[in-house]
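Biologist: Hi! Could you walk me through this structure? I have a few quick questions.

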Amino acid sequence: MTRTRQAPADAAATLDKAADENFPVAPFFLPRAWRDDLMAVYGFARLVDDIGDGDLAPGGADARSLGLGPGQEGDRLAALDALEADLHRVFAPSGDGPRHPLMRALRPTVRRCALTPEPFLGLVEANRQDQKIRRYGTYADLLAYCELSANPVGRLVLQITGTASPERIRRSDAVCTALQIAEHLQDVAEDLGRDRIYLPADDMARFHIGESDLAAPSAGAAVRSLVAFEAERARDLLDEGIPLVGSVHGRLRLLLAGFVGGGRAALGAITAAGFDVLPGPPKPTAPGLLREVGHVLRRAHREG
């Protein structure tokens, strides 16, 4: 991981959260320009998620940077509106430019890589949706949410590295959706504490699970079966990413293998916990991540 050259010290806490992700965000082996651009995009994605989750650093610096007035620090929808307005300043050809330091760090990346606003706007809209929709009826509904909350990130990675194509975007979307589902499975208890459930309601009904079952200190057999079912869905989506890894070369292949391997390692940690995610998020180990990345690279080579 590296910090963008442009990001000042007051944005460091946000950028440092990259170390806690299931996949390597901007590993050392990438060219410096790619690392800076990936971290600039990560800074935006992390900021918008922190706003949506109410996880901004105490003190109100982010709210002030976005131009929010006193008493608006806790208004997530107002903060998301202010962030979207600052995003438009990133793309504006003239004017004073964005206000927030992470948005100022994003501007050179947007220009250098000719990025478009749509993926960023999707991430903002996903977090607006989180304020209004707290349950998902069907798996299709959840996939539509992931189209906003996760898939834009993979598309931005492809744009930054100059490798976007319709087929790669399709497979990237599958990987990003899988990573989002894996994170949801790890965070069932934490999400419930925020009054959010990302397990589809029709699947919960199929496994005879009520919301009270998700509030237990440890998962019963039915909850474990449901988590195993959703984990298998995510694993199938990750498998769609193997040809994506095989379609690129060099250090980019290793980066994309890290994304797919990170998802596999997260699902492996869930499996190793017996699919009991309620005591806390099962986290992959560094050796487990390396094993999975190696597995992905070998498969990509064989199938390429």
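Modeller: Happy to. One term before we start: a residue is called buried when its relative accessible area is under 20%. Also keep in mind that this is a predicted model.

Biologist: Good. Which residues of α16 are buried, then?

Modeller: In α16 the buried residues are G288, E292, V293, G294, V296, R299 and A300.

Biologist: And what do the buried residues of α16 pack against?

Modeller: They pack against three helices: α13 (221-239), α14 (242-246) and α15.

Biologist: How does the end-to-end distance of α16 fit its 18 residues?

Modeller: Helix α16 covers residues 286-303, and at 1.5 Å a residue it should span 26 Å. Its end C-alpha atoms are 26 Å apart, so the two values agree.

Biologist: Nice. What does T285 do at the start of α16?

Modeller: A side-chain oxygen of T285 comes to within 3.0 Å of the backbone nitrogen of G288 there. G288 is also one of the buried residues of α16.

Biologist: Changing topic: why is α8 described as largely enclosed?

Modeller: Because 7 of the 10 residues in helix α8 (residues 151-160) are buried, the rest of the structure largely encloses it. Those buried residues are N151, P152, G154, L156, V157, L158 and I160.

Biologist: What covers the buried residues of α8?

Modeller: The cover includes α2 (32-53), α5 (101-113), α6 (118-132), α7 (139-149), α9 (166-186) and α15 (250-272).

Biologist: Which residue just after α8 has a positive phi?

Modeller: That's G162, with a phi of about 70 degrees.

Biologist: Okay, cysteines. How many disulfides does the structure hold?

Modeller: It holds 0 disulfides. For C146, the nearest cysteine sulfur is that of C176, 9.7 Å away.

Biologist: Is C146 buried or exposed?

Modeller: C146 is buried, with a relative accessible area of 0%. C176 is buried as well, at 11%.

Biologist: Last one: where is K132, and is K132 buried or exposed?

Modeller: K132 is found in helix α6. Its relative accessibility is 59%, so K132 counts as exposed.

Biologist: And how far is K132 from A174?

Modeller: K132 and A174 are 42 residues apart in sequence, and their C-alpha atoms are 25 Å apart in space.

Biologist: Great, thanks!

How values were computed:
Residues are numbered from 1 along each chain as its sequence is written. This is a predicted model: local features need pLDDT of at least 70, side-chain atom pairs count only at pLDDT 80 or more; totals for chains, interfaces and linings use all residues. Side-chain values use heavy atoms; hydrogens and water are left out. Buried means under 20% relative accessible area, exposed over 50%, partly exposed in between (1.4 Å probe, protein chains only). Helices (H or I, at least four residues) and strands (E, at least two) are DSSP runs, numbered from the N terminus. Contact means heavy atoms within 4.5 Å. A disulfide is a pair of cysteine sulfur atoms within 2.5 Å. The expected span of a helix is 1.5 Å times one less than its number of residues. A polar contact is a pair of N or O atoms within 3.5 Å; within protein, one must be able to donate a hydrogen and the other to accept it, and residues adjacent in sequence count only if both atoms are side-chain atoms.
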